[in-house]
There are 2 protein chains.
Amino acid sequence: MRDADNDDHQPGETGGPRSRNAQATRKSILDAGIAEFCEHGLSGASTARIVERAGCNIRMLYHYFQSKELLYKAALQEVYNDLRSQEAGLNILDRPPVEAIEALTAFTYDYMAATPAFIKMVLAENLLQGEFIRAIDSIPRSSRPLIETIQTLLDRGEAAGVIQPGIDAMQLYISIVALSFIHISSRYTLSVTFGVDLSSERIVTERRQHVVDLIGTYVRPKSGHAAS
Amino acid sequence: MRDADNDDHQPGETGGPRSRNAQATRKSILDAGIAEFCEHGLSGASTARIVERAGCNIRMLYHYFQSKELLYKAALQEVYNDLRSQEAGLNILDRPPVEAIEALTAFTYDYMAATPAFIKMVLAENLLQGEFIRAIDSIPRSSRPLIETIQTLLDRGEAAGVIQPGIDAMQLYISIVALSFIHISSRYTLSVTFGVDLSSERIVTERRQHVVDLIGTYVRPKSGHAAS
DNA sequence: GAGACAATTGACAACCAAGTAAGTAATAGC
DNA sequence: GCTATTACTTACTTGGTTGTCAATTGTCTC
């Protein structure tokens with residue numbers, strides 16, 4: 001990304017960082033934007049605070065991103081790109097169906113636990129009714145390949161008698177996300193209404209087991225003839 | 001709170017509405033506030049739009065609620081009160097354990113589907129890190145009675161051999177909420193990434209079945225000796 | 001070292017927000 | 001009827017917002 005790209009005035013490979021480090025400034029603004037949007041949403045975010053976090057002048061934000069909304073759009077794209085590229089490294093098709101689905105569940109759970117920024121950006125975007133995510137070229141239908149992979153696993157497992165017939169791949173994946181998502185996305189409200197700290201390591205670990213169990217139990221055949 | 005209910009200078013029951021309808025004005029501002037906070041969150045909400053929706057003057061908002069934040073707090077309390085009072089009418093302890101848990105699941109699913117304002121307020125409040133929900137007297141630990149009810153059902157079912165031993169009541173309830181929540185709370189982002197309209201009646205109905213199934217399968221004993 | 005150009009900046013304009021002061025007018029009690 | 005109360009309103013202040021202009025400074029090429 002650093003040098004293999006689009007600067008039409010690129011004066012050739014010199015090896016050192018360009019002038020006063022434009023790429024680093026851009027990145028620091030993007031990161032600061034993600035943090036700020038996670039804490040305050042789009043309308044609550046302040047461009048002044050963003051550049052304060054980034055340690056640069058407000059003018060740079062407009063120089064690199066034109067407007068607060070375009071920065072938000074770039075931030076949204078960034079967090080989705082990260083998820084998709086991590087998913088791509090999973091290769092669950094190589095594994096036995098039930099094991100593969102449990103691995104996907106564990107991966108999703110761990111990803112959400114490790115990446116609160118993704119969840120917060122998703123919350124913010126849903127409060128905005130998906131106004132921006134629709135307009136990012138790389139995102140629409142980007143989950144389709146994963147759904148097809150899950151469907152393949154379900155078909156294989158069903159044929160082998162190790163998976164309960166009739167499970168819908170999309171509903172299953174939505175449920176995996178749901179179970180991995182809620183205790184982070186609604187951490188504060190749930191913690192208060194239960195009187196328990198859901199961020200505690202004990203609860204997070206217990207829940208991981210619970211979620212993998214729940215999905216594992218669901219996909220296995222009910223009638224106990226798990227042969228083959 | 002101090003001004004929440006019966007005015008202490010209530011001059012007796014006269015039958016007609018009080019003077020220039022103070023209660024109706026207050027209620028219309030509260031409702032308009034809920035709608036506005038659902039659409040824009042706390043910081044994105046505009047007091048000018050709220051009073052426009054409510055059909056009254058901006059000064060009335062400050063007269064009845066003192067500030068935008070206190071109106072937000074009142075709105076949050078309102079949506080939680082509604083959920084708790086509906087839950088209270090369920091009486092699931094009278095029913096057989098598995099049936100009771102499936103009924104709770106169906107109720108939760110239907111409530112979330114029918115009450116998007118609850119979900120949106122929860123999202124907004126979590127983006128605010130639960131700053132306000134903690135400060136509402138009636139809410140902290142308000143889910144505890146329900147968790148105890150679920151625990152009682154699980155114990156009974158376990159003793160009768162109709163429920164899988166070792167299930168944690170809180171984790172189970174979190175999962176029920178999760179499964180009922182996600183397709184509403186993340187409707188826009190999920191619809192875009194899947195390329196499917198999750199609000200469609202077909203999907204919503206299919207998902208209800210899926211969720212009840214998932215929970216029902218999980219709580220039943222795995223080893224097939226569902227006796228008694 | 002000189003010059004050029006890109007990265008960066010301080011100061012500011014235009015705007016919109018929440019919240020307020022001081023008043024108007026409709027209703028209730030006498 | 002008249003007076004006191006109080007629901008309600010207009011017009012405004014104050015402060016923060018996004019976005020911009022003109023100028024400055026660092027770095028690279030010559």
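Helices (H or I, at least four residues) and strands (E, at least two) are DSSP runs, numbered from the N terminus. On this basis, chain A of the predicted model reads α-α-α-α-α-α-α-α-α-α along its sequence, with ten helices and zero strands in its secondary structure. Because the model is predicted, local features need pLDDT of at least 70 and side-chain atom pairs count only at pLDDT 80 or more, whereas totals for chains, interfaces and linings use all residues. Residues are numbered from 1 along each chain as its sequence is written, chains are lettered from A in the order in which they are written, and side-chain values use heavy atoms, with hydrogens and water left out.

Of the 228 residues in chain A, 49% are buried, that is, under 20% relative accessible area (1.4 Å probe, protein chains only). Contacts are defined by heavy atoms within 4.5 Å. Among the contacts in chain A with a separation of 6 or more, 68% join residues 24 or more positions apart.

Two copies of a chain are related by a rotation about an axis and a shift along it.

The contact between the chains takes 57 residues from chain A and 57 residues from chain B. The copies meet through the same surface, because 100% of the interface residues of chain B are also interface residues in chain A. Together the two chains bury about 5,100 Å², 67% of it on carbon and sulfur atoms; buried area is the accessible area (1.4 Å probe) that two parts lose on being put together, summed over both.

Two salt bridges are counted between chain B and chain A, each defined as a side-chain nitrogen of Lys or Arg within 4 Å of a carboxyl oxygen of Asp or Glu. One of them joins B:Lys222 to A:Asp213, with the closest N and O atoms 3.9 Å apart. The elements that give two or more residues to the side of chain B that touches chain A include helix H1 (22-44), helix H4 (68-88) and helix H10 (201-219) of chain B. H8(B) gives the most to this side, with twelve residues.

Conventions
Buried < 20%, exposed > 50% of the residue type's maximum accessible area, 1.4 Å probe, protein only.
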